[in-house]
Structure formats: structure tokens, C-alpha cells
Amino acid sequence: MKVKVMVVGSGGREHAIIKKLKENDTIEKIFALPGNGGISKDAECVDIKATDIDAIVEFAEKNNIDFAVVAPDDPLVLGAVDKLAEKNIPAFGPNKNAAIIEGSKVFSKELMKKYGIPTAEYNVFGSAEKAVSFIKQNKKYPIVIKADGLALGKGVLICADEKEALDGIRSIMEDKVFGNSGSSIVIEEFLEGPEISVLAFTDGKTIKPMVSSMDHKRALDDDKGLNTGGMGTVAPNPYYTKDIEKECMEKIFIPTIEAMNKEGRTFKGCLYFGLMATKDGVKVIEYNCRFGDPETQVVLPLLKTDLFTIMRATVDGTLDKVDVEFSADNACCIMLASGGYPTDYKKGYEITGIENIKESEVYHSGTAIKDNKFITNGGRVLGVSATAKDLQKAIDKAYSDVKNIYFKDMHYRKDIGKRALQGEK
């Protein structure tokens, strides 16, 4: 039977999901709400914001949508999956009471503490005054300050000294740079070690981790500059050894799923584990309630099992019946960003050269179409993803293809994968 699928979201992650779903020939039509310029070549874009839950549900009903994929954090935390379920529309993603694992940093830290899941030492503050008092007594730097709620992946500050920490508290709690997300904050110890991202499919009973990856958050080479939504990724992550994989399964992945069940918050969908391999073992830096961006752009190209089959099994509670397989290849994704990202940048520049890319997959993060041409329409504009038998070849392939693309003030890191290659030695 042919089915109609709706994907909520507008970035490179959604483009990667849509391209993978297109491999299933039972899907006759894919709608993207709202999608973007590049996505419009692979799905029908509908001008409905990802956070307009009522309009999303109304569209799904009117268009007889058989299955929905809610990809970004905001609509998940707002309860999009619950609202679709009320209309008997199955949707991939956690419901509202499970999405809190990302929606509230305070909740996730308290969950880990309660169930003995390894994470950084922390304190929670609901007032700037108490947070400032704590910082003035603290003598250990760097220290990490996190806004409690969602902040487009940017609500985390790593503070090198007291002045930075005090400025950080004021900007989050008093100036409200992240809006109401900063009403409470978490201040936690700074962990050291290689970072590892692991996305996992789960139906609340079974958990099937995907291939690991390594994100590059800083805007500039050598991990300098401001934190961004991610400037590139490689997969698999060489620091994610067999021993670490076993440790994570036993001490983090399964305990997290069990903890959520015990709290009456059964999690179904994609759970993202942001991890750090410290000298004292692996610890959780953060949870996300959805596919990461740009991790998805390296993980899904390596997925051999049909994505739609996995997503349906996740919703139906039959994930244990699906053999989730990944290729043994390596992947590298390089993000092409607008000059000035993540602070001030201009939009509307023409993008040329995408049609010359033969070796890599190009995922559109922030593009629009004007006069039949692609133009820039966001901070992160394109992700260029290549796969190869070894990591160096995947990196070389992606960078070679990046040279074909041009738009005014285009910025990208030149060292994506460098740390991973060092980890392989």
C-alpha cells in the first residue's frame, strides 16, 4: 500500500531524513513543513512553521497523512506527537512528557542523579542572586553554565574565569538572551576528554544505537570561536571503542530508557546521547530528544536498513524485530555557513556550483529559491557529506567537493575530522 509521509522541520537534518525515506518505494509522497529551498527538490514544501502545532495537525488530517516524522526539538517539547496521536496519525518522535529529557536541563540532571547515570557534578539555580553567590565562592575553572530550556543548541556557556561566569549568569537570567529558557540554570563542572555523539532508535523497550559520530561545535579551526549548532561531523567516532560501547550500553543507554519508564515517561523515537570519555569513565553531557544536526548528515548515509521500516517499528513497539544495520564505511560532513555566523550574517546571496557535486551528498540547511536559483537563507547553509572506506578518504572527498560551491562570504572550517584522525593513531 502506498503511503503519504509528512516531515516537520526545515534544516539539513530534515533533508537527510527525507532523502533516506525516499529510498522506500511504498512512500508515494513526502511533505515537508516548512522545508526549505533544497528540500523542495525532494519533497513538497508547505509553508507551516514547525512550532504551529494546530496547523500541522490540521494539514495532516486534510491530506490523509499516514505517518509523520517530527524532527526538531521545539515541536516535540510542545507536544506535536501527542496532538497527532489524538487524530490517530502515527508519528516518529517522543511525546511531550518524554521530550522533557531535552526540554529541561534541570529535569535531565535530576533524572541522572536519581538513577545513578554518570554525569558532571552540578547545582541548579532559580535566581541570579544565588547563582552569583555560588560563583563567587567557586574557585575551579573552567565551569559550564546551561540555560534550563531549549536555546537552539546554543544555551551552553563554557566560562574560563569568574568574570565570564558572572557575565554568563546575567546574560541568561537577567538579560534573557535565551528568553524564558533562562529562568533556571544549571552550573556544572567542566569535563575533559573526547566528545562522542551517539543517536539511538528506541521504542521504549528495545534500544538500537546508531553508528557513533564526532561533532565540531566551534565556529573556527582548532576549536576556536563561538559555539554554533555544529560546523561538521565525522562518523564513526574513533574514540568510541568496543569497550566504551559496552560501558555506555550498561551504564547509560539502558539505564536511561529504564529510568524514563519508571518515571512514567516512556521514550519512543530517536534519543541523542552527548557523551564525554573522561579519565573517570564515560559521562553524559546532555540528552537530545531527536536526531542531532549535523550528526544525522553522517549517520544516515551509513544506514543500510530501511529508515521507514525502523521508524514504524519504533512507533509500533516492535523494534526488537528489526535488524538495524550500518555500513562499515566512514563519513564526513562539512557545514558551509554564512560569514558572521553564529552572530550577525546576511541572507539572500546566490549559491553556485551545487550541480557540479558528483561524489558527495548535499544537504540544504538554510536555502531558499529565488528566480529558479538557490540563495542563502540561514546561518548554516549547506552540509556536504561524503562516504568512503576510510576516514581520510571521506574527508578528502568532502573537501574536494566543497571547492565547487560558492556564495558570498561563505565560511567553513578546514579541519573537520582532524581530531578524529589523531584518535585513530
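Strand 13 (residues 218–220) and strand 14 (residues 224–227) pair in the antiparallel sense over 2 bridges. Strands are DSSP runs of E with at least two residues, helices are runs of H or I with at least four, and both are numbered from the N terminus. Two strands count as paired if DSSP finds at least two bridges between them. Strands of a sheet pair through backbone hydrogen bonds, either parallel or antiparallel. Within this pair, leucine 220 stands opposite lysine 224. The two strands form a hairpin with 3 residues between them, and aspartate 222 in the turn has a positive phi of about 60°.

The model is predicted: local features need pLDDT of at least 70, side-chain atom pairs count only at pLDDT 80 or more, and totals for chains, interfaces and linings use all residues. Residues are numbered from 1 along each chain as its sequence is written, and side-chain values use heavy atoms, with hydrogens and water left out.

Next comes strand 18 (residues 330–338). Of its 9 residues, 9 are buried, so strand 18 is largely enclosed by the rest of the structure. Buried means under 20% relative accessible area, exposed means over 50%, and partly exposed lies in between (1.4 Å probe, protein chains only). Which strands pair with strand 18? Strand 15 (residues 232–235) runs antiparallel to strand 18 and is joined to it by 4 bridges; here valine 234 stands opposite cysteine 332. Strand 22 (residues 380–388) is also antiparallel to strand 18, over 8 bridges, with leucine 336 opposite leucine 382. Strand 23 (residues 410–411) is joined to strand 18 by 2 bridges, again antiparallel, and methionine 410 is the bridge partner of serine 338.

A separate topic is the open sheet of 4 strands in the order 11-10-16-17, where the pairing is antiparallel. Strand 11 and strand 17 stand at the edges with a single partner strand each, so one side of each is left without a neighbour in the sheet. From one strand to the next, the twist averages 35°; the axes are lines fitted to C-alpha atoms (for helices over the stretch in contact), and angles run from 0 to 180 degrees between N-to-C directions. Strand 16 and strand 17 pair over 7 bridges, and alanine 277 stands opposite valine 282.

Helix 9 (residues 242–262) has 21 residues, which at 1.5 Å a residue should span 30 Å; its end C-alpha atoms are 29 Å apart, which agrees. The expected span is 1.5 Å times one less than the number of residues. Helix 9 has a kink of about 45° centred on methionine 249, where the bend is the angle between axes fitted to the seven residues ending there and the seven starting there. Buried residues in helix 9 include Ile244, Cys248, Ile252 and Phe253. The elements that cover the buried residues of helix 9 include helix 5, helix 6, strand 10, strand 11, strand 16 and strand 17. Just after helix 9, glycine 264 takes a positive phi of about 70°.

The largest nonpolar core has 50 residues, and Ile252, Phe253 and Phe273 are among those with the most contacts inside it. Helix 9 gives the largest share of this core, 7 residues. Such a core is a set of buried Ala, Val, Leu, Ile, Met, Phe, Trp, Tyr and Cys residues joined through side-chain atoms within 4.5 Å. Phenylalanine 273 touches residues including Ile196, Val198, Ile252 and Phe253, not counting residues up to four places away in sequence; contact means heavy atoms within 4.5 Å.
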